[in-house]
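Colleague: I am new to this one and would like a short tour. Could you take me through it?

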Amino acid sequence: KVAESTVEIQRNGKLVQVDQRQVNERIAGLQSQINSLETQLKKRERVISELQAEMSASDEKRYGKDKVIAILAVSAFLIFLYAVLLQLRLSKAPAKGKKKTR
């Protein structure tokens with residue numbers, strides 16, 4: 001009985017050691033997965049921040065172009081109004097050229 005109990009204790013000790021190794025291997029595997037996922041997350045965050053910076057830069061360019069277009073449109077409208085006013089003045093002015101020919 002003593003020999004059987006000794007053998008069983010040794011088996012249980014070996015099983016405990018095997019279980020501890022497996023648990024430690026699983027923990028190590030999970031830690032490596034966590035590390036790789038953290039690395040991927042950092043890369044994604046970096047890419048996201050770069051894309052956000054590009055997006056804000058392109059928005060600034062677009063708004064700058066929109067401002068220029070708006071200024072040019074207002075300028076063109078003012079020039080058009082000026083041309084219309086000049087045409088009205090010309091049509092209201094007395095014809096000096098006709099009087100000279102008489």
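This is a predicted model: local features need pLDDT of at least 70, side-chain atom pairs count only at pLDDT 80 or more; totals for chains, interfaces and linings use all residues.

Colleague: What are the spans of the C-alpha trace?
Modeller: Along the principal axes, the C-alpha trace spans about 150 × 15 × 10 Å. The radius of gyration of the chain is 44 Å, whereas a compact globule of 102 residues would have one near 13 Å. That radius is taken over C-alpha atoms, and the globule rule is 2.2 Å times the number of residues to the power 0.38.

Colleague: Which distances between residues illustrate that?
Modeller: Gln 22 and Lys 61 are 39 residues apart in sequence, and their C-alpha atoms are 58 Å apart in space. For Leu 88 and Gln 33, 55 residues apart along the chain, the C-alpha separation is 81 Å.

Colleague: What percentage of the residues is buried?
Modeller: Buried residues make up 0% of the 102 residues. Buried means under 20% relative accessible area, exposed means over 50%, and partly exposed lies in between (1.4 Å probe, protein chains only).

Colleague: Which residues make the nonpolar surface patch?
Modeller: Val 74, Phe 77, Leu 78, Phe 80, Leu 81, Val 84, Leu 85 and Leu 88 make a patch of about 760 Å². Patch residues have over 30% relative accessible area and no salt bridge; nonpolar side chains (Val, Leu, Ile, Met, Phe, Trp, Tyr) are joined within 5 Å, like charges within 9 Å. Areas come from the Shrake-Rupley method with a 1.4 Å probe; for residues, only the protein chains shown count as cover.

Colleague: Is Leu 78 exposed or buried?
Modeller: Leu 78 is in helix H1 and counts as exposed, because its relative accessibility is 52%. Leu 88, also in helix H1, is partly exposed at 44%.

Colleague: Changing topic, how many salt bridges does the structure hold?
Modeller: The structure holds 1 salt bridge, meaning a side-chain nitrogen of Lys or Arg within 4 Å of a carboxyl oxygen of Asp or Glu. Arg 62 pairs with Asp 59, with the closest N and O atoms 3.8 Å apart.

Colleague: Where do the two partners lie?
Modeller: Arg 62 and Asp 59 are separated by about one helical turn, because they are 3 residues apart in helix H1 (residues 2-92). Arg 62 is partly exposed at 42% relative accessibility, and Asp 59 is partly exposed at 26%.

Key: Residues are numbered from 1 along each chain as its sequence is written. Side-chain values use heavy atoms; hydrogens and water are left out. Helices (H or I, at least four residues) and strands (E, at least two) are DSSP runs, numbered from the N terminus.
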